[in-house]
Amino acid sequence: MRYFESYIDNSIKKLKDKNLYRQINYIDSSQDRYVYISGKKLLLLSSNNYLGLCNDKRVKKAAILAIEKFGCGSGGSRLTTGSHSLYNELEESLARFKGKESAIVFNTGYMANIGVLTAIADRDWVIFSDELNHASIIDGCRLSKAKIIIYKHCDMVDLDEKVRLYSKGKNIIVTDGVFSMDGDIAPLREIVNIAKKYKNIMTIVDDAHGTGVLGERGTGLVEYFDIKDEVDIQIGTLSKALGSEGGFVVGSRRLINYLKNKSRSFIYTTALSPASIASSIKSIEIISKQRNMRKELLEKSRWFKDRLQELGFDVLDSKTPIIPIIVGNSHKTLEFSQRLFEEGLYVQAIRPPTVKEGTSRLRITIMSTHTMKDLEFAIDKLYKIAKEIGVLEG
Ligand code: PMP
């Protein structure tokens, strides 16, 4: 026991020495433009609630009605007693929304990625994975025991070369749609073309951050590139633009039936509560009707990114509401975030292992509900503090 405790203490000390120790902030209010932490009012610039649906009256009402009719917990796993009829409604609605035959809902996006990769791939498969893919894809690849080949971020020459050299009988190319820490977009059309050029290559896209945000109808990256029938499996989450929780997969009826039978992260866990499922159904309905929310979100994001760039910040190739400010050093990034907190802004510092060593950053996310005044206030504070702590020169 003593050995175990000193092992833990040493590991924590190492994290602290490198400024990589993490602590949780407890928020006392709903996910809105402003949140309260320990009584302090902060402009929220780090939430994935892109369209403000977490706190939308219509969504909350749907959740309350679901609790009244179905109760709070689901009481069982999906294949036992947990599949209340709202699940059926949501899965049909997701399939329609994404224009695919069928859909399956998991408890989180993380579990959907793990569930798909491990149900499909095994030692006989090769998986080609972008170096900046989300942790849940990385974990799914590892758990599957397939041979993993990492290609350079969005580098199609590297991907083509690696597929040519290493593809075998059964292969997968898997990518984030929108990269969660950089805010850039995967070249999905080129990825699909590479898959077609070689034999037996399945394509999987995790469109966690594109769903509800990209495409004319807001259905995500596949619509944005107009390649609906060319991607084999689309994964997503209900926890970001949809303001609820849960993960999902859409594809052919055959694929979805297979996942229901083979996906351990689908089978061996208690189903989500009726309130979560009802909120997702309502959010899809709102997103399908209200295109203006998305338009506003993208316009505000573009404005914010352009302003930061004009001021000299490094925002990489962000094309979405996810806007990184690269700082580099983890200590400086933490200081930046803490100073912003003192000045009334909640902006998350992102450090290794979430991002590569030397690329620590602030991860800003814009919401359609932010006003221009909010965003101008944020720009002023970011600029002022960046100068004070030496992130920007001058
Ligand atoms: N994929 C990506 C690209 C993500 O950014 C996230 C969330 N951080 C997930 C999957 C996991 O989704 P969830 O939070 O619903 O588990």
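Biologist: What does Lys240 touch, leaving out residues up to four places away in sequence?

Modeller: Lys240 touches Asn48, Tyr50, Ala208 and His209. Touching, or contact, means that the C-beta atoms, placed from the backbone, lie within 7 Å. Keep in mind that this is a predicted model, where local features need pLDDT of at least 70, side-chain atom pairs count only at pLDDT 80 or more, and totals for chains, interfaces and linings use all residues. Residues are numbered from 1 along each chain as its sequence is written.

Biologist: And is Lys240 buried or exposed?

Modeller: Buried, because 29 other C-beta atoms lie within 10 Å. The cut-offs are 20 or more other C-beta atoms within 10 Å for buried, 12 or fewer for exposed, and partly exposed in between.

Biologist: Where is Lys240 placed?

Modeller: In the loop between strand 8 (233–237) and strand 9 (247–251). Strands are DSSP runs of E, at least two residues, and helices are runs of H or I, at least four, both numbered from the N terminus.

Biologist: What does UniProt list for Lys240?

Modeller: The unreviewed UniProt entry has "modified residue: N6-(pyridoxal phosphate)lysine" there. Such annotations may be inferred rather than shown by experiment.

Biologist: OK, confidence. What's the mean pLDDT of the chain?

Modeller: The mean is 96, and 100% of the residues reach 70 or more; pLDDT is the predictor's confidence in each residue, from 0 to 100. For the complex, the predictor gives an ipTM of 0.99 and a pTM of 0.96.

Biologist: On to the ligand. How many residues surround it?

Modeller: 14, and the closest are Thr108, Gly109, Tyr110, Ser180 and Thr237. A residue counts as near if its C-beta atom, placed from the backbone, lies within 6 Å. Helix 4 (residues 109–120) gives the largest share of that shell, 3 residues.

Biologist: How does the shell around the ligand divide into nonpolar, polar and charged?

Modeller: 2 nonpolar, 10 polar and 2 charged. Here Ala, Val, Leu, Ile, Met, Phe, Trp, Tyr, Cys and Pro count as nonpolar, Asp, Glu, Lys and Arg as charged, and the others, Gly among them, as polar.

Biologist: Last topic: into which domains is the chain divided?

Modeller: Domain 1 (19–48 + 291–389) and domain 2 (57–289), with bounds from an automatic or database domain assignment. Their centres, taken over C-alpha atoms, are separated by 26 Å. The contact takes 16 residues from domain 1 and 12 residues from domain 2.

Terms used: Contact = placed C-beta atoms within 7 Å.
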